[in-house]
Amino acid sequence: MNFYPGPSKLFPSVEKHLQEAYQSGILSRNHRSPIFSALLKSTVDLLKEKLKIPFDYTIVFTSSATECWEIIAQSFTQNGSYHIYNGAFGEKWKSYTDKITNKATSYEFDVEESLIMNDLKLNHHDLICITQNETSNGTQVSNTCLKTLRESYSSLIAVDATSSLGGVYLDISQADIWFASVQKCFGLPSGLAILVLSPQAIQQGKLINDDQHYNSFIKLYTNANKYQTSYTPNILNLFLLNRRLNEMPIIHVYDQQTSKRISQWYEFLETTKLTPLINNKEVRSKTVLPIKGNNIEDILNLADQKNIILGKGYGKWKDSTFRISNFPALTIKEINQLQTFLQQV
Ligand SMILES: *Cc1c(COP(=O)(O)O)cnc(C)c1O
């Protein structure tokens, strides 16, 4: 049983889809062939339909969320980016960006704090970067907060939704750039990420006109318009994503299930000696649950003996917490089994 928050448990149907991919012959076809373009178009259409992505947004594919950090730094900011974060992933994004642009500003907030979005000290920045779901400490920024941010500033807003997209409903219209890799909520193998761009992001990308890198915006965009890619991409993972999107319900169904399951997790913790890391209900993530305990290493070892994979603590919370994912691929049976185990530790 794999409760690691990414790479995470694969959807069981992936096995069947892998076989279908092999048998269909698409894996040895050229990335400019009509059959590949049709796959790409269908995947884009399905993403928009199932995740409620506005029709006028553009979707491109990259290899990882980390690569999206790099693309955003190179192709979407000229005057500097403003990074709002409370944990290790947001901080990493900022330091990644700063190495490329030398123009990244930090705004750190407390893990128990609901962000007051109109309190920020933005001036010349043309990009706001925010981690919607901070995988290191299990906090999230709500759709309502993002809406306030959108209404308060005119800069482009970029959102890292790597451990939430595909598991909860996100109001995509409230930001300009969204990205996530597929090895978390999508329950697919690693090596593919989705980058979603608003018409305003496209406009800023065209203005900056960065075309000198492997995955510069101009290259991504020009090819995406023809349902092509500039190099041979991860066709296998695109195929798997396509088949998973095709069989998945609309995101609201998963959102309800994820919300219900996380509430049950918090109720369950009250019956044990374990405590959640985050006390403020408003900011608790729905997809990643960090749990505090005194004997974390023993818990992880015991779990390992029972073939249960838990997530280690991360960053500042490395030794004092462990993390479990609440991703759609997990079953009630697996959750019950983990709870039975945790009751005994
Ligand atoms: C996992 C994760 C990443 C890194 O994803 P890769 O696909 O490994 O690059 C970035 N941001 C967040 C919030 C994550 O959870």
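Leaving aside neighbours within four places in sequence, Gln339 is in contact with Trp265 and Phe268. Contact here means heavy atoms within 4.5 Å. The model is predicted: local features need pLDDT of at least 70, side-chain atom pairs count only at pLDDT 80 or more, and totals for chains, interfaces and linings use all residues. Residues are numbered from 1 along each chain as its sequence is written, and side-chain values use heavy atoms, with hydrogens and water left out.

Gln339 sits in helix 11, residues 332–344. Helices (H or I, at least four residues) and strands (E, at least two) are DSSP runs, numbered from the N terminus. With a relative accessible area of 14%, Gln339 is buried. Buried means under 20% relative accessible area, exposed means over 50%, and partly exposed lies in between (1.4 Å probe, protein chains only). Asn336 also lies in helix 11. Its relative accessible area is 42%, so Asn336 is partly exposed. Asn336 and Ile59 are 277 residues apart in sequence, and their C-alpha atoms are 37 Å apart in space.

## Around the ligand

Which residues come nearest to the ligand? They are Thr66, Thr135, Asp160, Ser181 and Lys184, out of 13 residues around it. A residue is near a molecule if one of its heavy atoms lies within 4 Å of it. By class, this shell has three nonpolar, eight polar and two charged residues. In this scheme Ala, Val, Leu, Ile, Met, Phe, Trp, Tyr, Cys and Pro count as nonpolar, Asp, Glu, Lys and Arg as charged, and the others, Gly among them, as polar. Helix 3 (residues 65–75) gives the largest share of the shell, three residues.

Now the polar contacts, which are pairs of N or O atoms within 3.5 Å; within protein, one must be able to donate a hydrogen and the other to accept it, and residues adjacent in sequence count only if both atoms are side-chain atoms. A polar side-chain atom of Ser181 lies 2.7 Å from an oxygen atom of the ligand. For Gln183, a polar side-chain atom lies 3.1 Å from a ligand oxygen atom. Ala65 uses its backbone: one N or O atom there lies 3.2 Å from an oxygen atom of the ligand. On its own, the ligand has 390 Å² of accessible area, and the protein covers 87% of that. Accessible areas come from the Shrake-Rupley method with a 1.4 Å probe; for residues, only the protein chains shown count as cover.

Helix 1 spans residues 14–24, and its buried residues are Val14, His17 and Ala21. Seen down the helix axis, they fall within an arc of 60 degrees, so they line one face of helix 1. The arc is that of the directions from the helix axis to the C-beta atoms. These buried residues pack against helix 8 (235–247).

The face turned away carries the exposed residues Glu15, Lys16, Gln19, Tyr22 and Gln23. Just after helix 1, Gly25 takes a positive phi of about 85 degrees.

## Helix 6 and its cover

In helix 6 (residues 199–208), the buried residues are Ala201, Ile202, Gln204, Gly205 and Ile208. Down the axis of helix 6 they fall within an arc of 165 degrees, so they line one face. Their cover includes strand 1 (58–62), helix 3, strand 7 (156–160) and helix 7 (217–224). The face turned away carries exposed Gln203 and Leu207. Just after helix 6, Asn209 has a positive phi of about 60 degrees.

## Val288 in strand 11

Val288 belongs to strand 11, residues 288–292. It counts as buried because its relative accessibility is 0%. Beyond four places in sequence, Val288 is in contact with residues including Pro5, Asn133, Thr135 and Phe327. Val288 and Gly167 are 121 residues apart along the chain, with their C-alpha atoms separated by 11 Å.

Most residues other than glycine have a negative phi, and most peptide bonds are trans. The peptide bond from Gly6 to Pro7 is cis, with omega near -5 degrees. Pro7 lies in the segment before helix 1.

Asn102 is not a glycine, yet its phi is positive, about 60 degrees. Asn102 is in the loop between helix 4 (88–101) and strand 3 (104–108). At 63% relative accessibility, Asn102 counts as exposed. Tyr227 also has a positive phi, near 50 degrees. Tyr227 is in the loop between helix 7 and helix 8. At 27% relative accessibility, Tyr227 counts as partly exposed.
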